[in-house]
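Let's take a friendly look at how two protein chains meet. Have the structure open as you read.

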Amino acid sequence: MSEPLLQAVNLSCERDDRLLFRNLDISIVPGTLTRVEGPNGSGKTTLLRILAGLHDACQGDILWNGQLRDRQRESFTRNLLYIGHRAGVKAQLTPLENLRALMAGRRLLSRDLLAAALDNAGLAGYHDAPCHSLSAGQQRRVSLARLLVSDEPLWILDEAFTALDREGVAGLERLLLQRVSQGGAVIATTHHPLAADGMRRIQLGKVNDHAD
Amino acid sequence: MPTDKRPVMTPVQNTAPLAQAVIAIMRRDLKASLRQRQDLFNPLVFFVMVVSLFPLGVSPEVSFLRQSGTGILWVAALLSTLLSLDHLFRHDYDDGTLEQLLLAPQPLFLLVLAKATAHWLVTGVPLVLLAPVLGVMVHLDGNSIGVLCLTLLVGTPVLSLVGSIGAALTVGLRSGGVLLSLLIIPLYIPVLIFGTGTVTAAEAGAPVSGYLAIMGALLALALTLAPFASAAALRISLSNS
């Protein structure tokens, strides 16, 4: 088994006087799909935000390549692609401008590459339409087009299947499985049934029952 | 595909040049503001209206306007900047681009500086450009108008930079507008005092270089400290959302 990319050691989180999880140990290995499961309000999004480094109101250590993540923030953020509940798409800009702005801090990509990614994300013909004129599913596709040009080994996806049509869901599923087979690591929450060989599960929402 | 050894993606080492990331953020912000005309014109219209209401509401006397014109213009500029501050991070917070900003591989304070600069370009610079016209309206003489524009040119970036701290602190709150004003107005007072002081000195024929030096010092202080404070405030705000 290869070295874990991302590790969480003894993670506990409390929000609004409610214990979301306690003593959670997570190890994310390249080439695995990890699914975070649990009912609404069980802290799935909070866990993903903690792993991504957006939320730090918790106890426990998070290690990136075996060393404390917060000491090597640049390396960590460069290798992480996080897509949250909010798509990260500006309504006034076109899909092409949005994609370019989102990728600009990561690597140089030609216009053709970005356009091809948007085409593959099912946005052919919408490259230059302002995003506020697109549907929710299309806006989600703009955000997901990043996955198609991503060289980051770690993906953290929070409810990425939301608002996608059946074809989009199937496409995203294929993309995730392909990524895992190439040696990438994917952490996702979804209520959509998702299955892969060797999929790992993190079950949340059990602590509450004991705490109450 | 079953293989003996599973492939492993190696972590990426190279990051895009810093300048590219900073320029991309400024371009995105400028484009978004220019397409959201209402947000762009609202502070400007406010600025012009406040200044033009004083002659109507108080007195159109030349002596009154000449004496209080500078103060009116500076207060109006300050308030209209305050009006636009809430938008600095609010839209980004709502659409999720702020999260992506925090997860960019570049130092956050530089990206915040880029955002504050973009904010100044679309709110501060138009105020500076409009000021001469309004200066004529309140009967300031040519020399005073020149100095007034100079103080606004140095002072409005301070307003944007210092304001970004307040905007970052209140972005996670549902109605942060009032709190933002309360937090930021006290920090704006030195800029206001030295801004109007410079023009008053110029009107009296006194040298203004000392005043301008202090304003320059305020700008230097804001440039070096505000981005760090804003970046820290953004991390806190997003951590609690």
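Below is a short briefing on the interface and then on chain B.

This is a predicted model, in which local features need pLDDT of at least 70, side-chain atom pairs count only at pLDDT 80 or more, and totals for chains, interfaces and linings use all residues. Residues are numbered from 1 along each chain as its sequence is written, chains are lettered from A and ligands numbered from 1 in the order in which they are written, and side-chain values use heavy atoms, with hydrogens and water left out.

**Where the chains meet**

- Chain A brings 47 residues to the contact and chain B brings 39 residues, where contact means heavy atoms within 4.5 Å.
- Together the two chains bury about 3,800 Å², with 51% of it on carbon and sulfur atoms; buried area is the accessible area (1.4 Å probe) that two parts lose on being put together, summed over both.
- A:R86, A:K90 and A:Q92 supply 18% of the area that chain A buries against chain B, more than any other three residues.

**Charged pairs**

- The rule finds five salt bridges across the interface of chain A and chain B; each is a side-chain nitrogen of Lys or Arg within 4 Å of a carboxyl oxygen of Asp or Glu.
- A:K90 and B:D95 are joined by a salt bridge between their side chains (2.8 Å, N to O).

**Chain B itself**

- Chain B has nine helices and zero strands, counted as DSSP runs (helices: H or I, at least four residues; strands: E, at least two).
- Its C-alpha atoms fill a box of roughly 90 × 35 × 30 Å, taken along the principal axes.
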